[in-house]
Amino acid sequence: MLGNLGGVGAGLVILGDPRSARGTTVNEQVRVAIIGVGGRGSWFVERMPEHARVVAMCDVDEKRAGDAFSKIPGARKFADFRRMLDVMRDGLDGVIVATPDHTQAVASALAMRHGNPVFCEKPLTHTMHEARALRGLAAESAVATQMGNQGTSS
């Protein structure tokens, strides 16, 4: 299901624990949120496969994100990923984090705390402490996570 998003570099799933898999029917689309659509995240907006649907997009710079926002008019738009994750809590099957480096660990951690599988662009963290904290959080929350390397994760 979510593993098919690998075609866009967002595999969102490497199952270390089968409890992290969520079932969908054959005709149901995977609901994805993208954080950071004004920069690197715009790549994902343009390459989302047919079986996935972007339902929420977030960027702090509305002007820079304007082009990405206009490409998926039906998606909810947010300036604050914390608010987006709170509002969309039950309406997401996965989150792509493509923000500048200093917010990736924070956004990924919050998405995991909300029970969302996460695909995060590199570098995932700034410090080993952050990396270890995210590893523990992923295990604790039993959600699938993956870090991408701009095309090599697929």
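This is a predicted model: local features need pLDDT of at least 70, side-chain atom pairs count only at pLDDT 80 or more; totals for chains, interfaces and linings use all residues.

Visitor: What pattern does the chain follow along the sequence?

Guide: Helices (H or I, at least four residues) and strands (E, at least two) are DSSP runs, numbered from the N terminus. Here there are 5 helices and 6 strands, in the order β-α-β-α-β-α-β-α-β-α-β.

Visitor: How many of the contacts between residues at least 6 apart in sequence join residues at least 24 apart?

Guide: Contact means heavy atoms within 4.5 Å. Of the contacts in that set, 57% join residues at least 24 apart.

Visitor: Which residues have the most contacts inside the largest nonpolar core?

Guide: In soluble globular proteins, nonpolar side chains tend to be buried together. Buried means under 20% relative accessible area, exposed over 50%, and partly exposed in between (1.4 Å probe, protein chains only). A nonpolar core is a set of buried Ala, Val, Leu, Ile, Met, Phe, Trp, Tyr and Cys residues joined through side-chain atoms within 4.5 Å. In this chain of 154 residues, 47% count as buried. The largest nonpolar core has 25 residues, and Ile35, Met84, Leu85 and Val95 have the most contacts inside it. Helix 4 gives the most to this core, with 6 residues. Another core lies apart from it, with 18 residues, among them Ile34, Val37, Met48 and Ala65.

Visitor: What does Ile35 touch, beyond four places in sequence?

Guide: The partners of Ile35 include Cys58, Phe81, Met84, Val95 and Ala107.

Visitor: Against which elements do the buried residues of helix 4 pack?

Guide: The buried residues of helix 4, including Gln104, Ser108 and Ala111, pack against strand 1, helix 3, strand 4, strand 5, helix 5 and strand 6. Ser108 has 1% relative accessibility and touches Val97, Val118, Cys120, Leu124 and Leu134, apart from residues up to four places away in sequence. Just after helix 4, Gly115 takes a positive phi of about 85°.

Visitor: Which residue has a positive phi although it is not a glycine?

Guide: That residue is Ala142, with a phi of about 55°. Ala142 is found in the loop between helix 5 and strand 6 (145-148), and is buried at a relative accessible area of 18%.

Visitor: Which residues lie nearest the centre of the largest pocket?

Guide: On a 1 Å grid over the protein atoms alone, a pocket is an open set of points where a 1.4 Å probe fits, with protein on both sides within 12 Å along at least five of seven lines; lining residues have an atom within 4 Å of a point. The largest pocket is lined by 19 residues, of which Gly36, Asp59, Val60, Thr99 and Pro100 lie nearest its centre. Helix 3 (81-87) and helix 4 (101-113) each supply at least two residues of that lining.

Terms used
Residues are numbered from 1 along each chain as its sequence is written. Side-chain values use heavy atoms; hydrogens and water are left out.
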